[in-house]
Amino acid sequence: HLGKEELAAVSMASLTSTIVLTFFEGIATSLDTLCPQAYGAGQYKHVGIHTQRCSLFSLVLFVPAALIWFFSGYLLSFILEDEKVILLTQKFLRVLILGGPPYILFENGKRFLQAQGIFDAGTYILFITAPLNILLSWTLIYSERFGLGFIGAPIASVINFWAMLLLLVAYVVFVDGNECWDGFTLDAFKHWNDLSKLAIPGIVMLLAESLAYEILTLFASKFGTSMLATQSALSSVVSLLYMVPFAISVASSTRIANFVGGCNIKGAEMAINVGFLSSIVSGMFNCIIIYFGSARIAQLFTQDEEVISMFVSLSPLVAIFVIFDCLACTGNGVLRALAMQLTGGTLSLIGYYIIAVPLALFLGFKMNLELMGLWIGNGAGLLFVGVSEIIVIYNIKWDSIL
């Protein structure tokens, strides 16, 4: 609301920071394997060691990322022409550097607790910090007494990230989770090479899907404003509904890894079956919401009749898409539990960049299916990822896993 240059700058800074922070979330997925397996094996102090090791590894890698943010103006000059937008984006990212470390530590700490079966801590914390972030943003941008204008937005985000981390630490110290904390140790500086073997494929698994969505949204802009608006609305709905299978994926990953750590194959197999069954149920639930509620959902985003009409016409296709999305999401969680991130990363690269994106471009532009072609292509890639991961998972050799 401050102006179009400010809006453009926040959008560019948000895109840049999201990609970078997703990189560190990918590293944190290594803890989805290591921490719950250690907890299941009764090696409680190793849960804390793994968390420390991953945190140090990530903080070291954040140094070059921070330098890129600090000098982002130079890099953005090759992409953007508006000098004011470039300057504002750089200011935003420079302030956000201070929020990088607490964000990384919060993501790792959250997994430290989840490995112990403590899933509600992060939820409680976000119930506090989400409204706090809204209040801080308004106060630091608009308030007559404390308002700083544009620069108040990244400052509010930084304060919010630190609040999340401090509340998480307080939860471990005063409520629950300190059973697996044996103090700081020099062992955290060892075995970084082994950690990277899980972290790098984990990064690929996360970035492959998120960047594929961004690429398709970029190409949707070539079809005109109405198509872009429709794509934005559909992507927002799919991203929101994705939180349901993602939660199932996180829970499944933790339970399966606990059983693997305890060498309980029957328990792990049961958890895998429950995970996939739950994902199918959630996929059908999401499918029904989109298929039968498409007109009402579209009206939440716009009153433009053309956009609403396109949204409704594409909803049957997107309804099928979300079922594939649920299977692929749960498959990724199971593979993380089994320390098979490399397999998941490879299948994701094939599914999204050899099948989904090329097929979407062919159908969208060459066959003139436009937005429908983009979603068919992306759906085909997701179907490949989901089915191939299921085949791999149900043919694993448990001896090698254990």
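**Exercise 1. Which residues make the nonpolar surface patch of about 590 Å²?**

Before we start: this is a predicted model, where local features need pLDDT of at least 70, side-chain atom pairs count only at pLDDT 80 or more, and totals for chains, interfaces and linings use all residues. Residues are numbered from 1 along each chain as its sequence is written, and side-chain values use heavy atoms, with hydrogens and water left out.

*Step 1.* Know the rule: patch members have over 30% relative accessible area and no salt bridge, with nonpolar side chains (Val, Leu, Ile, Met, Phe, Trp, Tyr) joined within 5 Å and like charges within 9 Å. Areas come from the Shrake-Rupley method with a 1.4 Å probe, and for residues only the protein chains shown count as cover.

*Step 2.* The patch is made by Ile 68, Tyr 74, Leu 75, Phe 78 and Ile 79.

*Step 3.* Take Phe 78, which sits in the loop between helix H4 (72-76) and helix H5 (83-96). Helices here are DSSP runs (H or I, at least four residues), numbered from the N terminus. Phe 78 has 61% relative accessibility, so it counts as exposed; the classes are buried under 20%, exposed over 50%, and partly exposed in between.

**Exercise 2. Work out whether the length of helix H9 (residues 192-220) agrees with its residue count.**

*Step 1.* The expected span is 1.5 Å times one less than the number of residues.

**Exercise 3. Follow the salt bridge of Asp 32 to its partner, then find the network around it.**

*Step 1.* A salt bridge is a side-chain nitrogen of Lys or Arg within 4 Å of a carboxyl oxygen of Asp or Glu. The whole structure has seven.

*Step 2.* Asp 32 pairs with Arg 336 at 3.0 Å, N to O. That ties together helix H2 and helix H13 (residues 305-337), with the two residues 304 apart in the chain.

*Step 3.* Check burial: Asp 32 is at 12% relative accessibility, so it counts as buried, and Arg 336 is buried too, at 8%.

*Step 4.* Next, Arg 111 and Glu 107 bridge at 3.1 Å, N to O. They're four residues apart in helix H6, so about one helical turn separates them.

Conventions: Buried means under 20% relative accessible area, exposed over 50%, partly exposed in between (1.4 Å probe, protein chains only).
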